[in-house]
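Work through the exercises below with the sequence and the model at hand. Each task is followed by a solution in steps.

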Amino acid sequence: MYLPPHDPHVDDPMRFKPLFRIHLMERKCATVECMYGHKGPHNGHIQIVKKDEFSTKCNQTDHHRMSGGRQEEFRTWLREEWGRTLEDIFHEHMQELILMKFIYTSQYDNCLTYRRIYLPPSSPDDLIRPGLFKGTYGSHGLEIVMLSFHGKKAKGTKITGDPNIPAGQQTVEIDLAHPLQLPDIENLRDFSELSRIVLEVQEQVRREEQEREQRPEEEEHSQPAASQPAASPLGGEGAEGEETAAGAEGTTQDKAPASQPFVLPMGVISRNEDYPRTCRICFYGTGLIAGHGFTSPERTPGVFVLFDDDRFGFIWLELKSFSLYSRIKVSFQNAQAPSREAFEEMLKNIQSLAT
């Protein structure tokens, strides 16, 4: 199991923790050992469920228990997973979230089902190389997000989840057709100024979506001459609209400086204050928020901030919170999707499992 570094150090390397091992014996036999717990390897079982899916089961879960009971198990887990003690965590809400995560993850006793995931395919037109990133999620700690590109959209899909947003859900969506021009550094410190800019773009996006929805109805009632191309007076999705949008995007990126000063607005909370102070470009985006148990989920506006090839951020406007993401540089063998269609199908499958 690859674990993220201790919160909030997103630039630190991933941590490795073995969960099971297989000993190949003579006569094509094998023994399986569970590595979970602190009493050493013990008897386990692995079953192939179907293609790209298998399950593990521990046959001696008493090896996972500690003499001090659940309290000792929780304190040990807290030191290993979070790099701190319960006394270090003063915030009551954070204590509650951490305890929920411990209860949820420890109940399985290493009896788990594994399904294959693919790394996202890349294209020369991508903003940066897609892949896996470690990200800060407030009191939830560090989580793993997969960044992938889909035409004029980029998606951040949770590979690990939390009590609010489970794994498989699309945590952020970036609208690459709507770059944001940030104010100068002094005005950027004013949260209301940033909020005004983002909400104006949100309204623009909403109008464009309405126009796209109305266009099929207008086309139904119009009968253009066979020799003339169908007009697209509202722009956007027609051939002319696509050129205009692409041209506008290209122009914006061409004109954008190689880097520009960046600072978080006053009042925006960040787990990691060591974020970059310059950025390349920003885009309008939305982030998924929900109550405990993924109740009342909704997409809210935000700002995607590209710092460099390996780091980006997202300002959650409604939460007044900032997430910093850093690329996972572990090399995973044979993890590329056989096709873009296979990757898209995998994204649908992991989202359906989460819901």
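**Exercise 1: two packed helices**

Helix H1 (residues 69-82) packs with helix H2 (residues 92-106) at an angle of about 105°, and their axes are 11 Å apart. The model is a predicted one, in which local features need pLDDT of at least 70 and side-chain atom pairs count only at pLDDT 80 or more, while totals for chains, interfaces and linings use all residues. Residues are numbered from 1 along each chain as its sequence is written, and side-chain values use heavy atoms, with hydrogens and water left out.

Task: Classify the angle between H1 and H2, and state which residues make the contact.

Solution. 

Step 1. Two packed helices are described by the angle between their axes and the distance between the axes. Axes are lines fitted to C-alpha atoms, for helices over the stretch in contact, and angles run from 0 to 180 degrees between N-to-C directions. Helices (H or I, at least four residues) and strands (E, at least two) are DSSP runs, numbered from the N terminus.

Step 2. Angles under 35 degrees count as roughly parallel, over 145 as roughly antiparallel, 65 to 115 as roughly perpendicular and the rest as oblique. H1 and H2 are therefore roughly perpendicular to each other.

Step 3. Contact means heavy atoms within 4.5 Å. H1 contributes Arg70, Glu73, Phe74, Trp77, Leu78 and Trp82, and H2 contributes Met94, Ile98, Leu99, Lys101, Phe102, Thr105 and Ser106.

Step 4. Sorted by class, the contact of H1 with H2 has eight nonpolar, two polar and three charged residues. Here Ala, Val, Leu, Ile, Met, Phe, Trp, Tyr, Cys and Pro count as nonpolar, Asp, Glu, Lys and Arg as charged, and the others, Gly among them, as polar.

**Exercise 2: burial along H1**

Task: Find which residues of H1 are buried and what covers them.

Solution. 

Step 1. Buried means under 20% relative accessible area, exposed over 50%, and partly exposed in between (1.4 Å probe, protein chains only).

Step 2. The buried residues in H1 are Glu73, Phe74, Thr76, Trp77, Leu78, Glu81 and Trp82. Their cover includes strand E1 (2-3), strand E2 (15-16) and H2.

Step 3. After H1 comes Gly83, with a positive phi near 70°.

**Exercise 3: aromatic pairs**

Task: Count the aromatic pairs of the structure, then decide how the rings of Phe20 and Tyr114 are arranged.

Solution. 

Step 1. Rings of Phe, Tyr and Trp (its six-membered ring) pair if their centres lie within 6.5 Å; planes under 30 degrees apart count as stacked, over 60 as edge-to-face and the rest as tilted. The structure has 20 such pairs.

Step 2. The ring centres of Phe20 and Tyr114 are 6.0 Å apart and the planes are at 75°, so this pair is edge-to-face. Phe20 belongs to strand E3 (residues 20-24) and Tyr114 to strand E7 (residues 112-115), so the pair links distant parts of the chain, 94 residues apart.Phe20 is partly exposed at 26% relative accessible area, and Tyr114 is partly exposed at 22%.

Step 3. Phe262 and Phe307 also form an edge-to-face pair, 5.5 Å centre to centre with 75° between the planes. Phe262 is in the loop between strand E12 (260-261) and strand E13 (269-270), and Phe307 is in strand E16 (residues 295-308), so the pair ties together parts 45 residues apart in sequence. Phe262 and Phe307 are both buried.

**Exercise 4: backbone exceptions**

Task: What is the form of the peptide bond from Asp7 to Pro8, and is Asn334 buried or exposed?

Solution. 

Step 1. Most residues other than glycine have a negative phi, and most peptide bonds are trans.

Step 2. The bond from Asp7 to Pro8 is cis, with omega near 5°. Pro8 is in the loop between E1 and E2.

Step 3. Asn334 is not a glycine, yet its phi is positive, about 55°. Asn334 is in the loop between strand E18 (321-327) and helix H6 (340-354), and it is exposed, with a relative accessible area of 73%.
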